[in-house]
Each structure stands twice: as C-alpha cells, then as structure tokens.
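Thanks for coming. Please look at the screen.

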Amino acid sequence: MARHEHDHDGHHDHDGQHAQHGHGGQHGHHHGYTDLDWGALADHLEGQAEVFAPLYRQIAGWLAARGAEPGLIVDAGSGPGVISGLFAETFPGARVVAADGSEPLLARARERADRLGIADRFSTLTGELPDVLGDLDYPADLLWASRSLHHVGDQQAALTAFADRLAPGGMLALLEGGLPVRCLPRDIGIGRPGLESRIDAVETVAFAEMRAALPGAESVTEDWPGLLASAGLVDRVTRSFLFDLPAPLDDAARAYVVDEFRRRADALSPYLDADDRATQDRLLDPDDKASLYHRTDLFLLTAVTVYTGRAAA
C-alpha cells in the first residue's frame, strides 16, 4: 500500500505515500476513489510529499531524539519514496526498505534513491500490506506507516502483523488522524462561507464508505494507543506536529493546493449541493480572478499525529 496524500480531518494524505491512499500513501488520493491508477499519480504524490517535507523532517528528528538508531527502516506504504529518502537522510547509517503495492511507484522510489546517492542502502518490496512485510529479510528497527493502515480492512490484525516484524526494542511509528488541512479563509468572497468545512463533512462520509468496502473490513474504535497496546507494544508515546505555511504561498505550495482541491472536487462533488459545486468550479477556473490560481490569501495549515510503540526488548 501506499499513502494518499492528505487527510483533511484526518483522512487526507500528503506524504507522498498512497497506501491504497493502498491503494497509499498521502493520504491521496481521496477516499472517493476506489480504483485509482497509482502509477499515473506519481507526479502528484511526489509533489505533495515534497511540499510537506519540512513536516516529515521534523517527525524524523523527533524519532531520532527518542533514541531511534535503526539499522533497518521499513516504510510501509511508501508510494514514490519521498519519505523513505527523508528517513535515509536522517539516519545515514540505516538501510531503508520501501514497501508498497504499486511497482510503478516503487520504480520512482528507486530512481529517487539513485539521485540521492543512497541506492547502496535502499531496496523495495512489492505487495499489499501487511502481507508484504513477511518478505523482509530481517526484522525492522523502525517501521513507519503513514496513513496506510486505514486502507487495510482489519486494522488491529494489521497492527499486530506490523508489531511481529519488529526487532526486539524496535519502534512502530504510526501516522493517522490529525486535523483537517485548511488553505482558505472561512469567507472567500464567493459562495457561502465555510466551504472547506462542508467538504470535510462529506469526505468523512466518503471515508466511512471506503472503509466499509475494504475486504475483511472490521469496525474499531480509533484509539490508536489502545490498538498499539493490543498489538503487544510497550513504551507508547503520542505527539502531534503543526504544519503552517502562511499566505502568500510559493508556486509549489499553490500547485499542491490547486491539484488537491481539484482531486477532492472530482471525488466529492456528488456529495455537495449545487451552490458549493458552482463555487468549486470558480475556484478551479484559471481565468477567474477569485480562483485558487490568483488568490493571495491561500495558506496551508494542518496538524498530524504520530503514535509510537516499541516491541519488548
């Protein structure tokens, strides 16, 4: 799996992974999609992950400060490998394995590793989570899963499988949930105020439908520390991280907002009323001065939450 790239309300993924967002995985991309060609989305996924790279460097630094000195890092649901590369940068002595269900995305990950000069300590595994982790040659010292777990029907069973692939004392770092992404003021001067809140609400419905349709879907309370405990992990710690790019956005961040908004509009428009669909159309019209292409009030603001636990030593 890879991640979608951004979970607004906790459901978008922006990390360059698409879990099947396993299809990864970044979060995204969105849950309105059921049969996406993840290989065709490689540029989109990489662009998202690169915009949010400072956030993931902050997380990687926190994991390092917590004493993580991994020999083997596994990125479970890696997508095109942007975050895999950031972990390789943070932990220069580690070997990194990117695991994903999309071979075209893993090909992009290998190309990125070549460009970064880390190919000698980078490899990939193709297959769906969690089964693909059974192909690891060695247990992981750090297993990173960013918004890939929620694309697995039985999340508790998957967490237990993740935990089983950890070395003694190894750490599982799980990114799920957080706060919705915001990129527009409440009142944008066109349409009814509060458009993003309404989009988040309908996306919550679409997310639930996506989860219910997964093979072997099991409903669980999203008490991630409790689920980690049930998987046998100890030393459980949770931390949230703020990501804040104020207006005006640079070209790369603006391109992300436009692309993400377009993808959400395509997936979620059937859930919105005619007035909100008309506002979306204006926001995505390059010739409209009120559109995302021309607005000076665009920003990027969100928070993500990382849950960690260790295998018993």
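Which residues are linked in a network of salt bridges? They are Glu46, Glu50, Arg108 and Arg112. Keep in mind that this is a predicted model. A search of the whole structure finds 15 salt bridges, and I will go through some of them.

Take Glu89 and Arg57. Their closest N and O atoms are 2.9 Å apart, and the two form a salt bridge. Glu89 sits in helix H3, residues 82–90, while Arg57 sits in helix H2, residues 53–65, so this pair ties together parts that are 32 residues apart in sequence. Glu89 is partly exposed, at 49% relative accessible area. Arg57 is also partly exposed, with 39% relative accessibility.

Next, Asp276 and Arg198. Their side chains meet in a salt bridge, 2.7 Å from N to O. Asp276 belongs to helix H9, residues 274–283, and Arg198 to helix H6, residues 195–213, so here the parts tied together are 78 residues apart in sequence. Is Asp276 buried or exposed? Asp276 is buried, because its relative accessible area is 2% and the cut-off for buried is under 20%.

The last pair is Arg295 with Asp297. This is a salt bridge with the closest N and O atoms 2.9 Å apart. Arg295 has a relative accessible area of 9% and is buried. Asp297, at 23% relative accessibility, counts as partly exposed.

As a general point, side chains of opposite charge can pair when their charged atoms come close. That is it from me.

How values were computed: Residues are numbered from 1 along each chain as its sequence is written. This is a predicted model: local features need pLDDT of at least 70, side-chain atom pairs count only at pLDDT 80 or more; totals for chains, interfaces and linings use all residues. Side-chain values use heavy atoms; hydrogens and water are left out. A salt bridge is a side-chain nitrogen of Lys or Arg within 4 Å of a carboxyl oxygen of Asp or Glu. Helices (H or I, at least four residues) and strands (E, at least two) are DSSP runs, numbered from the N terminus. Buried means under 20% relative accessible area, exposed over 50%, partly exposed in between (1.4 Å probe, protein chains only).
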